[in-house]
Number of protein chains: 2
Amino acid sequence: MELTTVKDALTIILNNSEEFGIEEIEFMHSAGRVLKENIVADRDFPPFNRVSMDGVAFSSKAFNEGIRKFKIEGIQAAGSKQLTLKNEHHCIEAMTGAMLPNNTDVVIQYELITIENGFATINLDTVKKYQNVHLKGLDRKKNDVLISKNTIISAAEIGVLATVGKSKVKVGKQPRVMIVSTGNELVEVTETPAEHQIRRSNVYTLVALLEKLNIKAETSHILDDKDTLQTNIQSFLKDNDVLLFSGAVSKGKFDFIPEVLDNLGVEKLFHKVKQRPGKPFWFGKKGAKTVFAFPGNPVSTFVSCLKYFYPWYNKSIGLNFESKHEAILNEDFYFKPNLTYFLQVKLNQENGKLLATPIAGKGSGDLANLIDSDAFLELPHNRSNFIKGEVFPLLTYR
Amino acid sequence: MELTTVKDALTIILNNSEEFGIEEIEFMHSAGRVLKENIVADRDFPPFNRVSMDGVAFSSKAFNEGIRKFKIEGIQAAGSKQLTLKNEHHCIEAMTGAMLPNNTDVVIQYELITIENGFATINLDTVKKYQNVHLKGLDRKKNDVLISKNTIISAAEIGVLATVGKSKVKVGKQPRVMIVSTGNELVEVTETPAEHQIRRSNVYTLVALLEKLNIKAETSHILDDKDTLQTNIQSFLKDNDVLLFSGAVSKGKFDFIPEVLDNLGVEKLFHKVKQRPGKPFWFGKKGAKTVFAFPGNPVSTFVSCLKYFYPWYNKSIGLNFESKHEAILNEDFYFKPNLTYFLQVKLNQENGKLLATPIAGKGSGDLANLIDSDAFLELPHNRSNFIKGEVFPLLTYR
């Protein structure tokens, strides 16, 4: 059977993105979520002519008439109603964040004045109109769009949401995801495996990879029995938007997943990709339900989630899904098979450049090697020699 | 008063890091936390000679004696106890992940054999001993350290924790942090401010910045009244490891924070830093309690948290605290004052290089400008002209 290229596999997957709808949540729970409305300024920013230094406010006209010593009429505090300067030859002390008092148009900071006996003396030859005043609407105008729809909400956006009073905010709903492990060799983390058994780990790795996307996935384990698989998967398909499998997609006697999915009417869009690790990857759809069946080796599952599920999710939720992450190969590397190779690398920054050094592992079963590396460099098929200094696409996971 | 340089300020802060102790938590809640024990292999990885292709297992000795057609004795499934080949001229079907059957030492995949009437014919001239067998202990040996203490736990670590049965794991305790806003001009997010008021936003920005470090901070607001401040801050100092303030640290008439902290016995380690924005930054200690009093302008608070609190926390929790993030300035830039300038930039990747393009904002009050940029480039004081192509330290926040 002809293998699907990595490029074609990704295209098929992206052509099968889905929308999950919109929900309104508390703004303080929205970090990491994707905004689904434009956020506009509810008033000018700043909303008034704002004092930007602690000092005294007075009239530049008076100053230009030669006055340097101003009687202090009062104090304009931040959070107080706007005062009015009564005598144009006087001044008002004014604090950062306060409204500029009426009849004043310049603020000079305490560092440049002398205050004695209720008078402020300005130790300057010239002042500029609106010096140390942040003018109303200078930053943004009322109704300006401050944050566009389809932005990931981070700390900066949280601050703007607070400022404009968006205590509730519309965000993209997350997909309901069920992560399923199969395989009779697997026991629970809390159990001690017999010699021929190992502990279940891929589902937890996937949960953690999805947590980074703010998706709370559920997990399940099914033994290698065709009827049990079929019953369970049918129910999972009903209750979830996405199923992620790890294992049972290759040529083994107990690799029932493709057959069972076929029985349940999930259409296979491809099976087996021209890549290492992760060649037996199976992808299919049933209506709006999406099924990623990753191979069971830990590194295969890991890299396939990054390479395929992440961009599928990003496109589905409305984000830019074309990763422009790249890094510079830092050592010559040789890989003979005509497969896209996901090379494990350690990243270093040097003079603004991102360098990727290969970390030799023991293949797709070597979970511990993921600890020593930070990312995968995607080396194209149809080539064997990869030269230090060349730039390749990068999939980071830290 | 002489300003503290950015370098000296950071040195003082790092010299005042603290330890918060260790706690044991469920491994599935540990993503983003810092590991406080070495994680060792509980047995060899793999724990047995593991079949790595679906196919048939037989004896290479038999093959080398000329046998090509092997009677199939049985099936060795993953998760089944090890079978023993009874007749050395026979074979056993063996699945990926299974134990290699006794008396066999090679596995040939289904793609390269023919199975008919209970016999497997090997269509090869030579086989190698342990072909398609992942040997016991090849990846890691029992008691090897797989994850070192003081590693941030990510998806890869979660997988390894599961594999070795660490259902509970020791991590660094997080500091108890109280974030305090002051200022009579501030109203709640759900309120409509009067003309002279604005909504409270810095505390929420700080909460979100600390969430990225997996710290759940509390927030509080205190009006600009010296007695109220003193009573409240005294109680916060008792119940928290860290206080973060935003505002009331400059020269204003109501900037009571430095005085109140002094009254409460918090020792000032510096006040005012040679930087823009964020010059009025105040830092102090009382015993093991640490107080960061950031200036109240949104951008000042934001960048100071990234530049000072983040590395302080990283050092305290046991991580590498010297950021090596750098980026390449993508346009000439001029900044005259003799201050370290935190320039807001938009980041782009190009051929493995990280380019930083200045995003002109309207100063430290322009919160909305944080939306349009991704990071701050740290331009040193004592210089005014910064040239396209130069590399500078970077503080990212997305």
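Me: Is A:Arg140 buried or exposed?

Reply: This is a predicted model. Buried means under 20% relative accessible area. A:Arg140 has 13% relative accessibility, so A:Arg140 counts as buried.

Me: Which side chain meets A:Arg140 in a salt bridge?

Reply: The partner is B:Asp372, at 3.2 Å from N to O. This pair crosses between chains. B:Asp372 sits in helix α8 (residues 369-372) of chain B. A:Arg140 sits in the loop between β10 (133-134) and β11 (145-147) of chain A. B:Asp372 counts as partly exposed, at 35% relative accessibility. A:Asp372 and B:Arg140 also meet in a salt bridge, again 3.2 Å from N to O.

Me: How many salt bridges are there between chain B and chain A?

Reply: Ten salt bridges are counted between chain B and chain A. Over all chains, the whole structure has 38.

Me: How do I read the relation between the two copies?

Reply: Two copies of a chain are related by a rotation about an axis and a shift along it.

Me: What area is buried between chain B and chain A?

Reply: The size of an interface is often given as the accessible area lost when the parts come together. Between chain B and chain A, about 7100 Å² is buried. Carbon and sulfur atoms give 61% of that area. B:His196, B:Gln349 and B:Ile371 supply 9% of what chain B buries against chain A, more than any other three residues. The contact takes 88 residues from chain B and 88 residues from chain A. Of the interface residues of chain B, 100% are also interface residues in chain A, so the copies meet through the same surface.

Me: Which parts of chain A does the salt bridge between A:Arg398 and A:Asp374 tie together?

Reply: The two side chains meet at 3.3 Å, N to O. A:Arg398 lies in the segment after β28 (391-396), and A:Asp374 in the loop between α8 (369-372) and β26 (375-379), so the pair ties together parts 24 residues apart in sequence. A:Arg398 is partly exposed at 39% relative accessibility, whereas A:Asp374 is buried at 12%.

Me: Which residues join into one network through shared partners?

Reply: A:Glu157, B:Lys346, B:Asp374 and B:Arg398 are joined into one network by salt bridges.

Notes. Residues numbered from 1 in each chain as written. Chains lettered and ligands numbered in written order. Predicted model: local features only at pLDDT ≥ 70, side-chain atom pairs only at ≥ 80, totals over all residues. Heavy atoms only, no water. Contact = heavy atoms within 4.5 Å. Buried area = accessible area lost by both parts, 1.4 Å probe. Salt bridge = Lys/Arg side-chain N within 4 Å of Asp/Glu carboxyl O. Helix = DSSP H or I, 4+ residues; strand = E, 2+ residues; numbered from the N terminus. Buried < 20%, exposed > 50% of the residue type's maximum accessible area, 1.4 Å probe, protein only.
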